[in-house]
Each structure stands twice: as structure tokens, then as C-alpha cells.
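Please open the model in a viewer and keep the selection panel at hand.

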Number of protein chains: 2
Amino acid sequence: MDLDDTDRRILRVLQKQGRMSNADLSDQVHLSPSACHRRVQRLETEGFIRGYVALLDARKMNMPTTVFVEITLSAQADEVLEAFEKAVSRIPDVLECHLMAGTADYILKVVAEDTEDFARIHRQYLTRLPGVAQMQSSFALRTVFKTTALPV
Amino acid sequence: MDLDDTDRRILRVLQKQGRMSNADLSDQVHLSPSACHRRVQRLETEGFIRGYVALLDARKMNMPTTVFVEITLSAQADEVLEAFEKAVSRIPDVLECHLMAGTADYILKVVAEDTEDFARIHRQYLTRLPGVAQMQSSFALRTVFKTTALPV
DNA sequence: AGTGAAAAATTTCACTC
DNA sequence: GAGTGAAATTTTTCACT
């Protein structure tokens, strides 16, 4: 299915304010409430919209520390990758896990309360990951910005 | 303000389903609708909940490619950092920008349609960023998982 | 914090153009 | 596709326990 400009306007708005009422949304995109609602439903059922989430304030929640962890495995066989990924997915503080091209096999994005808390996560979880040959952690001093919104 | 277990349950649910109705939410967290609604309002006004957003399917939206770009600047004076950050914030395909400790000064998370599209973004935007000494791009072959939900 | 109820707003749907 | 209007549901408030 193709998206027209109106669909894209809807997605731009909902990526910023996912709980905006259909009445307000229809105003912003210059549609009647019913036409707008039909489009949103289609975008949902066709899978363009994966879902709606509340975003929490990491500082308020006492998780202001972000660490990127680059990991190289000792082997690249499918079973090794699978075992690694399965173990990673059980660590609550890991928000993202990407399989990379090039030298590092994986990049993890980890959040923690502070450096000490990251040390705990490292000790408790990261050192126990299977198949790891090398690991390098880089701390974010400050997150300049972070958005969940794809450019549409 | 401190959060109790009920607050944390509310946040866990809303981080997964941000548009759940207050009635359903109050069921899930074992509260009456009014008590639940009172708590959600407090979590919003106190700033624990920063907002609600729709999450789009990157594949459906034709932006399935994620690239991490590590950048070292030629100087670290405040004005250099500011100019760099200001320029970065104008690039639509950059979803995150983190100031890092250690060797690389910044890590950017960039999304693109494919490698060719990333080449365009690189040419059009990244090569024109001010104060850049070194830049290294790493492609994600596959995103194992990605979540916006903080552990609470 | 819970209950119950009323008021306001939103969502949903059948129908029409 | 889009618009209209009415019904169904949900949200929001409130007084009271």
C-alpha cells in the first residue's frame, strides 16, 4: 500500500503526540474526524503504526546513564550468535542490540543509574554472556538528542 | 516524589501500550479507575511520563537501515561542540546524538532506506558537519531488538 | 484509595455524496 | 475516498465513604 501526503501528515503528528484525540488530529491534517479515523485504522492494521508507547523521563526515573557496548564474539556460527542474542535479550537494562557489519559483531545500548550501576550490570550480566572475545564500553557524557520519530 | 509498586506497574504497562484505556489499565494494575487515573495524571504532571508517541515500522516505512556514526572533532571548545550539535540537529535522518567519553567525541544513530541512501545522507549532510576530524560509519546488518521501555 | 454517578468528549458505524 | 450525524464507549470530574 502506498502512503499519500495526508497519511504522512498523520504519521508525523502521531509520532510526536501518540495520544492526540482523533478530533484534534483530524483538525491538524485537514480531514473530517471519520475520514481521519479511517486512515489511522488502516495505518494500524497495515502495520505502518506498530503501536503506541509512553516515553519516560530517564533522569526522573534515575536511569540517566547511557553506555554503548561493542562486543566481538570468538566465533560467528549461527548457534553462537543465537545463544548470545538469547542471553542479551534477558538483560533488562539493554535497550537495543544490533548485529553489525565490520569489526565489532554487536553494539548494545545499555542504560544505568550511574557508572557504579553500570559496573553492576557489567559484572552481573555482560561478563557472563556466552562466546564473547572482546568487549568495549563507551559512556555517553550527555545525550544531545534522541527521538523515536522516523523521518516521513 | 517517590514511586511505589503500583506506579511502577502503571509505567510498565504504559511503556508497552501507551493508548490503553484507563479502564483496562486500572484492571491490569488492580486499582479502581479513578485511583488509577489520579496516578497517571500525577505521573504526567510530575514529568515521569514525558509523552506518548506512535512507533512506526521502519521496514514498512522503507527505512530499515541503521548506521552508527562515530565522529571525532578537531577541537573540543564549547563553541565547536555547539556548532556541531546545531548542525546535527537539522539532519532529519539522525535519530540520536550522544556526546561520548573517550576517543570518539560523538556517536550518531542514523536511519536510511539502504546503503545508497546512506551514501546520499553522508554526502549531503555528514561531510558538511563543522569541525569534524574523523568519521567512521558502522552498518547494522540486523537489529536484534530495540525498545523504548526503561526497566522500571 | 475506593465507589457511584453525571457530564463531557471521543470513537465507531451506517449512510450519503 | 470524504462528509454527516447518531449511537456506543471512554474519559473526566465530583461528592462521599
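## A salt bridge between the chains

Begin by selecting Lys109(A) and Glu96(B), which form a salt bridge with their closest N and O atoms 2.8 Å apart. The model is a predicted one, and the distances given on this tour are computed from it. Between chain A and chain B the count is four salt bridges.

Keep the side of chain A that touches chain B in view. Several elements of chain A each supply at least two residues to this side: helix H1 (5–16), strand E1 (49–56), strand E2 (65–73), helix H4 (78–88), strand E3 (94–100), strand E4 (106–112) and strand E5 (132–146). E5(A) gives the largest share, nine residues. Colouring this side of chain A by residue class shows 35 nonpolar, twelve polar and 13 charged residues.

## The whole interface

Next, select both chains together. In chain A, 60 residues are in contact with 60 residues of chain B. The two chains bury about 5900 Å² between them, and 63% of that area is on carbon and sulfur atoms. Across this interface, 37 residue pairs are in polar contact, with both residues of each pair at pLDDT 80 or more.

## Strands that pair across and within chains

Select E3(A) and strand E5 (residues 132–146) of chain B. These two strands pair in the antiparallel sense over five bridges. Cys97(A) has Phe145(B) as its bridge partner in E5(B), and His98(A) stands opposite Thr143(B) in E5(B).

## DNA strand C

Turn to DNA strand C and select the residues around it. From chain A these are Ser21(A), Asn22(A), Ala23(A), Ser34(A) and His37(A); from chain B they are Arg19(B), Leu31(B), Ser32(B), Ser34(B), Ala35(B), Arg38(B) and Arg39(B). Of the atoms of DNA strand C that come within 4 Å of the protein, sugar and phosphate account for 68%.

Which elements each supply at least two residues of the surface near DNA strand C? They are helix H2 (22–28) and helix H3 (33–45) of chain A, together with helix H3 (33–45) of chain B. H3(B) provides the largest share, four residues. By class, the surface near DNA strand C divides into three nonpolar, six polar and three charged residues.

- Ser32(B): a polar side-chain atom lies 3.4 Å from a phosphate oxygen of DNA strand C.
- Arg39(B): an N or O atom of the side chain is 3.2 Å from a phosphate oxygen of DNA strand C.
- Ser34(B): an N or O atom of the side chain is 3.5 Å from a base oxygen of DNA strand C.

## DNA strand D

Move on to DNA strand D. Among the atoms of DNA strand D within 4 Å of the protein, 57% belong to sugar or phosphate, and the rest belong to bases.

An N or O atom in the side chain of Ser32(A) is 2.8 Å from a phosphate oxygen. In Ala23(B), a backbone N or O atom lies 3.4 Å from a phosphate oxygen. For Gln41(B), an N or O atom of the side chain is 3.5 Å from a phosphate oxygen.

Two or more residues of this surface come from each of H3 of chain A, helix H2 (22–28) of chain B and H3 of chain B. The largest share, four residues, belongs to H3(A). The surface near DNA strand D consists of three nonpolar, six polar and two charged residues.

Finish by selecting Asn62(A), which lies in the loop between E1 and E2 of chain A. Although Asn62(A) is not a glycine, its phi is positive, about 65 degrees. Then select Asn62(B), found in the loop between strand E1 (49–56) and E2 of chain B. Asn62(B), likewise not a glycine, has a positive phi of about 65 degrees.

Note on methods:
Residues are numbered from 1 along each chain as its sequence is written. Chains are lettered from A and ligands numbered from 1 in the order in which they are written. This is a predicted model: local features need pLDDT of at least 70, side-chain atom pairs count only at pLDDT 80 or more; totals for chains, interfaces and linings use all residues. Side-chain values use heavy atoms; hydrogens and water are left out. Contact means heavy atoms within 4.5 Å. Buried area is the accessible area (1.4 Å probe) that two parts lose on being put together, summed over both. A salt bridge is a side-chain nitrogen of Lys or Arg within 4 Å of a carboxyl oxygen of Asp or Glu. A polar contact is a pair of N or O atoms within 3.5 Å; within protein, one must be able to donate a hydrogen and the other to accept it, and residues adjacent in sequence count only if both atoms are side-chain atoms. Ala, Val, Leu, Ile, Met, Phe, Trp, Tyr, Cys and Pro count as nonpolar, Asp, Glu, Lys and Arg as charged, and the others, Gly among them, as polar. Two strands pair if DSSP finds at least two bridges between them. A residue is near a molecule or strand if one of its heavy atoms lies within 4 Å of it.
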